[in-house]
Structures are given as structure tokens and as C-alpha cells.
Amino acid sequence: MRGRHAVVVGGSLSGLLAACVLADHADTVTIVERDRYPDGPEHRAGLPQDRHTHVLLESGRQALDRLLPGVMDELRGHGAPAIGMPDELLHWQAGRWYRRTPATLRFVSASRPLVDWVVRRRVLADPRIRLVDGTEVTGLVGDADRVRGVRLRARGAGRAGEEPGTLAADLVLDASGRSSRAPGWLTELGAEPAHEERIDTGLAYATRFYRAGANVGAPFRGVYIVPDATQPYGGLILPMEGDRWTVLLSGLRGCEPPTDDAGFRAFADHLPHPVFGEWIDKAEPLGPAHGYRSTANVRRRYDRPGRRPAGFLAAGEALCAFNPVYGQGMTVAALSALALREALDDTRRVPTTRRVQRALCATVRPPWNISAGGDRLLPTALGNATAVRAVDRPGTWYMSRVVRRATGDPVVGAAFRAMTGLVVPPSALFAPAVARAVLLRPEPQAPVEPPMRPEEGGER
């Protein structure tokens, strides 16, 4: 692509990181963003989920620092906390609490506006990358064999009447999110849109920010309650920058949390232990609760055969969107950008559109298996990918034993956290030490009440 022009559709985290990578392989990269960015780490209308809890998993922290060296130090400098698991968290899953043994990994609990702002400043400081904001892409230019650019339309006050234009490009990367209109764009060119897989549990959540108040001295740095087939309610309490805390309540279809003050607090009483509601009672709300319901798992199978044009790629949630309750979104954005860089840097192979797209699809496969694999077992799951095949049933049985044993067995727990943190592949759960504990040992004891203190030098 040397000497050529790349266009990235969408300037969210996945688009920014993709542009950062593409700048090493094209003379110019243009990010086309519908919104106008705020000046600082503030909310923006085009990213409604930025008013909710966000985390960077262990692998996301590592990937982001590889893409933008020093960026994690910058986030920490702005107050983004790192939380150790399991010792700093009250974690309830599968009917029991996790033992608070020494941490085996950490995740970062920062607001989405802060992460986007820090990354955005770094990326847009690159003179090879330019921003066209307040503008939306309305279609692709080209034909079924090759994409040659995008059609544009101005947005915003005083600009809506401007004539639409086109922007020529040798590569167009769609990072416009789960509402991507690329399927229609490809159809207009005479190409084939990707087959969509969908699993929707109807999960909805509501988030509110707090000052901790009298909870500052609490002997834990977070509470995490995971819903399952027998218990449809979930909750998450985590610290964030600015001496604030984020409180998220969730429920499956038919058990959605309200956003009014009284309803939000009352909903916490549905959780399996009062420790969650007791924390809220001692905290000071900083604003209203905000709801969110676009939580379906959606994977667009660009890795499958079909007539699609060269010069078009899909990444981020335009490729694969996850149920946000698994906290994978920002991490997968960073991992996908790394996969894009590795595919383009590979001197052994020509980086054709199909080869690069397959690399991006391979990157989202493990988190999809985690998110979709868990959600398809829930009684409220709907969609065309909810069926559990006979070949998957042994793995589902094994995973159920892993989840039960992870709460009380530090060896199984460490492997399970590394897998869900996208540090290791799911095959790591079949390592000999883990398999012996899962298959041969009796189910270990786990706390039936929240363990209010971490274990001192506990067994690893």
C-alpha cells in the first residue's frame, strides 16, 4: 500500500487503533467519523455505551501498550485503577463466591471517555493520519471486484445541506460498530454481504456513577455477580478515575433493570447477597442511571466464501459484537489491531484482502466462543446461532465443571481467568494440572458468604 490512501470508517477505539496500524503501510490514512470529538475525556452522542462500565482485560492492557508504547502509564497517570483478580474482588458465580487468593492477573477499570481520549490524542498526533469528522459514509465506491473509495455526507447544524462527495481510497476498513451498514453497501456493489450469526439473551443493563463515601475503607475493590441459567440478575461495582465508582446492574429478558432512583436501588435486592445493595446505600450518586439494551452477540462471517471486493475490510464490532457484560470490547479492539499489523507486516505472504480479513476473523473467534458459548446456554437466548450441537456437548459439560471448580480451586481459577482474560486459548483449560482437578478431584469448598478479607499468601 506504499504511496496509497486508506480510509477508516468510524473513529471509535477500533477505528483509531486500525488507523494507527495502517499509517505504517500507506502514505495517508483518513478517519471518517460521524461525531465531532469532544476536547477532553467526555461523553459523546455517537457512543451511547460510553456511559457504562468498561474494562481492559489483561491481554488488552498488553496489546494496547504494544500498539502505543507508554499508553498504559498515561492511563494510570490519569487515575485509571488496576484491579487484581481474585484477591481484590468479591466475585460470585455458579452459586458460590470465589476464594480471594493472590492475584493471577489484573484488569484496568477506566471510563470509556478517558481511554478513547488518551488513545485519540496519540493517534491523531501522527501527521500521516487525518480526521474528517461530522461526516458519515453513505456507501462504497467501486464494484463487486474492488472498492475504490467511499461516498460521504456532511452532518450537523449548518452542514446538512452540503452536497455529498466521494473520497477515493485504495483500502476501506469498516470500523463503524455493531450498527454497520456495510451489508447494504456491499449489496449495492453487486457483492455478497457476510452471513450473520446472532445470539441475543435480551440482557439489559443500567449504570450509575457514585462517590464511595463511607465505603472507601471497604476491604475489597469491587463486586462482580455473574448471572446464569438459574439466576438472571447480575451486578458490578468497580472504581474508576476521578475518585468515582461505576455500579452496573443487569438482568436477562423479562428482568431488565429500571433507571429511576428508587427502582435502580430496589433492583439490587434481587442479587444473591445484600452486600451489593449495602454498598450502594453508603455511596453518593453523581447523576442519573443510564440504560443500555443492544447486547446481542453478532458475528459477520467475512471468513466464509462469497463474492466480495478487494480493498474492503471489516474490524471491531462491524465484524463481531459481543454481549458487553463479558467486558471484551476494548480488549478485542486492541487485539484486532495487533492482528492487522502482523498480517500486513508478514513478509512471507502477500497481504491480500482475504488473507488479512481471515486474520481479523481468527482474532475474534476465541472471545466469540466465550461470549456466545455462555449466552447460548441461557434460557432467554434467541437467534440463529443458539443451537448446541451434539459435538459441542462434551465441551459444555467440561466447561460447567471448570466454572464450578474455579471458585474454590486456585489452579482451575487461574486457568479460567487467563482464558476469559484472553491471555491463553481455551485449550489451556485442558492442561494436565487443570484437567486432573476438573475431572478427578472432588468439587472443592468455596465460600458461601462474601470473603471480606483476601487470603494471606494463599495457595496459588
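**Entry 1**

The model is predicted, local features need pLDDT of at least 70, side-chain atom pairs count only at pLDDT 80 or more, and totals for chains, interfaces and linings use all residues. Residues are numbered from 1 along each chain as its sequence is written, and side-chain values use heavy atoms, with hydrogens and water left out.

I then noted that the open sheet has 3 strands in the order E8-E9-E10 with antiparallel pairing. Strand E8 (135–142) and strand E10 (165–168) each have a single partner strand, so one side of each is left without a neighbour in the sheet. Neighbouring strands here are turned by 30° against each other on average, direction ignored; the axes are lines fitted to C-alpha atoms, and angles run from 0 to 180 degrees between N-to-C directions.

**Entry 1: the parallel sheet**

I next looked up an open sheet of 5 strands, which runs in the order E7-E2-E1-E11-E20 with parallel pairing. Its edge strands are E7 (129–133) and E20 (312–314), each pairing on one side only, and its neighbouring strands are turned by 20° on average, direction ignored. Within this sheet I checked E1 (residues 5–9) and E11 (residues 171–174), which pair in the parallel sense over 4 bridges, and I recorded Val-172 in E11 as the bridge partner of Val-7.

**Entry 2: strand E19**

I followed E19 (residues 297–300), where Asn-297 and Arg-299 point one way, Val-298 and Arg-300 point the other way, and all are buried, buried being under 20% relative accessible area, exposed over 50% and partly exposed in between, with a 1.4 Å probe and protein chains only. In a regular strand the side chains alternate between the two faces of the sheet. E19 pairs in the antiparallel sense with E12 (residues 196–199) over 4 bridges, where Ile-199 stands opposite Asn-297. E19 also pairs in the antiparallel sense with E21 (residues 320–321) over 2 bridges, where Arg-299 stands opposite Cys-320.

Definitions and conventions: Two strands pair if DSSP finds at least two bridges between them.
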